[in-house]
Amino acid sequence: MTRNAVYPGSFDPVTHGHEDLIRRSLRFVDQVIVAVAADSSKQTLFSLEERVALLESVLDGIPGVSVRSFDGLLAEFARANDALVIIRGLRAVSDFDYESQMALMNRQLFPELETVFLVPAVHLSYLSSSLVREVASLGGDVGDFVHPVVEKALAQKFIR
Ligand code: PNS
């Protein structure tokens, strides 16, 4: 039986922190389906198509990884994709409230679905897509935090 995991998020844009968690997940699951939320309540910098395309470029060639967009309930997306695991990152205690609420709600909606929390590499533990967007928008160097294709895409969004 293939073990599928869903790794959901906005990925606005994908960072080295996301890549790190995907590689860690592949140590205990066979397939990671990166699930890009279409109907995120957040106003995103990159369109859904752009976020998916950036993920596809960054993750190209990693066996066992696919990228899909989804709308509606994450629990239903997991069910439809035969996934019994949701991967989420926990960087700091401040992430915990929201993450535990989501995990419990998803379990309520799909009892066989387990949320697995992963801690990123320590040098990536302060990283977030929102900080990367902010630094890039102010002309800062984000080369240590994102893949070169993402760096280029950010530079195009913030031509000064
Ligand atoms: O990267 P983010 O923005 O923290 O990701 C949040 C996301 C997309 C995982 C979450 O908002 C989500 O699961 N949305 C799908 C709708 C859904 O299932 N809502 C109920 C969650 S308990």
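On a 1 Å grid over the protein atoms alone, a cavity is a set of points where a 1.4 Å probe fits but cannot get out, a pocket is an open set with protein on both sides within 12 Å along at least five of seven lines, and lining residues have an atom within 4 Å of a point. Grid points are joined across faces, edges and corners, and a volume is the space filled by probe spheres set on the points. This is a predicted model, in which local features need pLDDT of at least 70 and side-chain atom pairs count only at pLDDT 80 or more, while totals for chains, interfaces and linings use all residues. Residues are numbered from 1 along each chain as its sequence is written, and side-chain values use heavy atoms, with hydrogens and water left out.

The structure holds one cavity of 30 Å³ or more, and the space in the largest cavity comes to about 40 Å³. Its lining includes Leu-74, Arg-88, Glu-99 and Phe-117. Two or more lining residues come from each of S4, H4 and strand S5 (114-118), where helices (H or I, at least four residues) and strands (E, at least two) are DSSP runs numbered from the N terminus. H4 gives the most to this lining, with four residues.

The largest pocket holds about 1,100 Å³ of space. It is lined by 40 residues, of which Gly-9, Ser-10, Lys-42, Arg-88 and Tyr-98 are the closest to its centre. Here too H4 supplies the largest share of the lining, six residues.

What sits in the largest pocket? The ligand does, by the criterion that more than half of its atoms lie within 2 Å of the pocket's grid points. Around the ligand are 14 residues, the closest being Ser-10, Lys-42, Gly-72, Leu-74 and Arg-88; a residue counts as near if one of its heavy atoms lies within 4 Å. Strand S1 (4-9) and helix H4 (96-109) are the elements that give two or more residues to this shell, and H4 gives the most, with four.

An N or O atom in the side chain of Ser-10 is 2.6 Å from a ligand oxygen, a backbone N or O atom of Leu-74 lies 2.8 Å from one, and a polar side-chain atom of Arg-88 lies 3.0 Å from one. The protein covers 76% of the 540 Å² of accessible area that the ligand has on its own, with areas taken from the Shrake-Rupley method with a 1.4 Å probe.

Notes. A polar contact is a pair of N or O atoms within 3.5 Å; within protein, one must be able to donate a hydrogen and the other to accept it, and residues adjacent in sequence count only if both atoms are side-chain atoms.
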